[in-house]
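Dear colleague,

Please find the structure below, passed on for your records. My notes on it follow directly after.

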Amino acid sequence: MNLVDKQLVQRRMNRRILKSRIMRQLFFLATAFGIVVLAVLLYRIFSEGIAYLDWEFLTSFASRFPEESGIKAAIAGSLWLMVVTAPISLILGVGTAIYLEEYARENKFTRFIRMNISNLAGVPSVVFGLLGLTVFVRLMEMGRSVMAGGLTMSLLILPIIVVAAQEAIRSIPKDQYEASYAMGATKWQTVRRVVLPAAIPGILTGGILALSRAIGETAPLLMIGALSFVAYLPENIWSSFTVLPIQIFNWTGRPQEEFHLVASAGIIILLLALLLMNSIAVLIRNKFSKRY
Amino acid sequence: MATATKTQQISIFNTNEPDKGKTKTIYSIENFNLWYGTDQALYEVQMEIPENKVTAIIGPSGCGKSTFIKSLNRMVELVPSVKMSGSIEYKEKDIFSPKYKVEDLRTDVGMVFQNPNPFPKSIYENVVYGPKTHGIKKKSILNEIVEKSLRGAALWDEVKDRLNENAFGLSGGQQQRLCIARCLAIEPDVILMDEPTSALDPISTTKIEELVQTLKKDYSIAIVTHNMQQAARISDKTAFFLNGEVIEYNNTDKLFSNPDDKRTEDYITGRFG
Amino acid sequence: MAVNVKELMNEKKTNRSVLAVTEKAAPVFFMVCAIVSILTTIGIVLTLLIETITFFSRVSFIDFVTGTTWWPFGENASYGILPLISGTLLITVVAMIVAIPIGLASAIYLSEFASEKVRKVVKPILEVLAGIPTIVYGFFALTFVTPLLQTFISDLPIFNALSPGIIVGVMIIPMIASLSEDAMSSVPNSIKEGALATGSTRLEVALKVVVPAALSGIIASFVLGISRAIGETMIVSVAAGSTPKLTADVTESIQTMTGYIVQVTLGDASYGSTTYYSIYAVGMTLFIFTLLMNLLSQYISRRFKEDY
């Protein structure tokens, strides 16, 4: 006796296949949605901002008049911020990753560090801003300086760098270690001469991506009091400063329509900077991706 | 390339009776070639697979036997770069004809894979997956299907008290029999088996082999195996594949006792492979 | 002249003591690095805790958690956080209505339908979408999405919850899509083949086998998305307004917890004023919300993980 009515199954099949095809199109449209939004966003910003984008825009300070406004101070501030953030976050992040991957024993303390890092990655950036404002700006009396901003940003992107560096270290084949130990090398010698050189492309890729996050981040720096109207360049890490996203935020908040166009021009510069950093990261990744 | 004939459909559904007289052909394969990208994996395969018999496909690894069996239900097309020529007819219908839907083909032709691949669902849900997907909603019928299929796969007595437990809790051999039950649940005409015992222990292997013997009463079975003893034990006909070609296709007794081709003899006597 | 390698190595060994020191110092240094991350967490918790305690020495805790008016200025200041929470939830709900269906559909498309070629093009584009700074999204919400919405909803104010909500959703799409796709791709191919071999259509394989098998990862991605929406700052600061309001109407101007914190730090709330301390109480609330969401997400993906 047949429990399955084959003719019925066959009759239903057409409808099921049709349903599958229609849903496939819907899923495709959903995927396209994100891409369309991205395209519209880029088109809007480039078509509005391009007119304000000239040499003067890059070399002028902020101004009360839209046509005289520039982003010289913001670019300088963002670069200064990187001077502080890049070394601190890379040293701390890579150090943490080496500790976790090479030295840490599998115990409660290590698990706690791991859990802590994955939770830090989910803490909203404003909370880091509160930390920076309280500890660096007030408690350590750094004021509204590049240093305070850079330290805050370093802590913010630390989890990203740790995870990237961990992955880079983990991807090194075990035989590389064995080869080094078999020649009588110590642990530290192996880490310094085998692990780090092999992991550096991965670390750099992850590090650049993390720094590009820091370049685009606004809220924590707003909170530690990076200024939005700076008519001078920072002289050292104790100077007050502004950065690109804050300058853009400031222009966005102005009621005059012209300032929105200036903001678009600023966004173009910000996006180009991010594009540049991401391209470098991808180049490094591709150049070194197939070594083992 | 032959096209599908409409008149054939009616006869599909009443062929469960074992044929007493001469054997009917269920699959006929003609001049079948297959490429993965630019690498040719099958060359001019010419074969007829009989109904209600066990057909074994043997050969060394990489000889194309797995590719061949996966062509029979077009699973091979999941590899994006695959290209084919020649024809495969299932019940005298060209399986590559645009009119013949691949889902229909796979409803009629079940498959058991090399590694047990139950769904991460309960035993019950695994068995009713096919019937439910094909539109059978009635609980009483589903229950009946579950019992019948699990009995058919010789698994019922072991799992009847824990049908709602996750299938991943079963042993490898039980999982494989569950996959056979899942395949029986939609009452296919053909069961394709792609090295179904290669991941199993000897005891489970014996159980599956016994099962194949019982199943051939109702189903046509094609089984890929790299275990020659297994082929000799359970099959009626055996095809020997080498480097993508069918070297010899014969009754199993004949092929193992008195092969026509020197290469077959070399292989079954263990000179290579 | 032959080089005596052994001799050279022995010479080097006279520096053994230096080597021994670095050998011991290295793990200590790396451990200190690792401890910085713990100090950061301690710093965050202590900062929030101490200043929040000061805040609650001036404002009653009960009023804070049950009050329906948030008016932190002047004589008649009132610190009821519910309007800020409702504003945050409003943004989150709108964002999730956008991000969950589109993110999940994209994940299903990429994992179960798209060819390798399409995947190779689309995934980097989604990464770009994820890498756009939030201030850019905020600008886009204010100057493009809001005017666009105003053509459909004529009395929509410039600042409203709808427009930034949608854009927060857009921002989260890549995250949900990529995490869900990871979860679905980790469902073994053999299981998908098993379903296809019973004559299932692609859609049936996706919805009846792959999505259920990957459900824990998918739900975890939703929860993480919610956490991200709650903590999102710049988009709402720019486009949602700064009028804390207990409302469920997305066309009104509202304020979120993050938006309030930014507003106060931008203004000149004097150090030591109750308004100044209030940002820590709000920050603490925000921190607890997101921490719970993150822990929940980790719990779901760990607890219900299928081991294949």
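Predicted model: local features only at pLDDT ≥ 70, side-chain atom pairs only at ≥ 80, totals over all residues.

Residues are numbered from 1 along each chain as its sequence is written, chains are lettered from A in the order in which they are written, and side-chain values use heavy atoms, without hydrogens and water.

Between chain C and chain B, 21 residues of chain C are in contact with 24 residues of chain B (heavy atoms within 4.5 Å). The area buried there is about 1,700 Å², with 62% given by carbon and sulfur atoms; buried area is the accessible area (1.4 Å probe) that two parts lose on being put together, summed over both. There are zero salt bridges between the two chains (a side-chain nitrogen of Lys or Arg within 4 Å of a carboxyl oxygen of Asp or Glu).

The whole structure holds 24 aromatic pairs over all chains (ring centres of Phe, Tyr and Trp, the last by its six-membered ring, within 6.5 Å; planes under 30 degrees apart are stacked, over 60 edge-to-face, the rest tilted). B:Phe240 and B:Tyr267 are stacked, because their centres lie 4.9 Å apart and their planes at 25°. B:Phe240 is buried at 0% relative accessible area (buried means under 20%, exposed over 50%, partly exposed in between; 1.4 Å probe, protein chains only). B:Tyr267 is also buried, at 4%. C:Trp70 and C:Tyr260 form an edge-to-face pair, 4.9 Å centre to centre with 85° between the planes.

With kind regards
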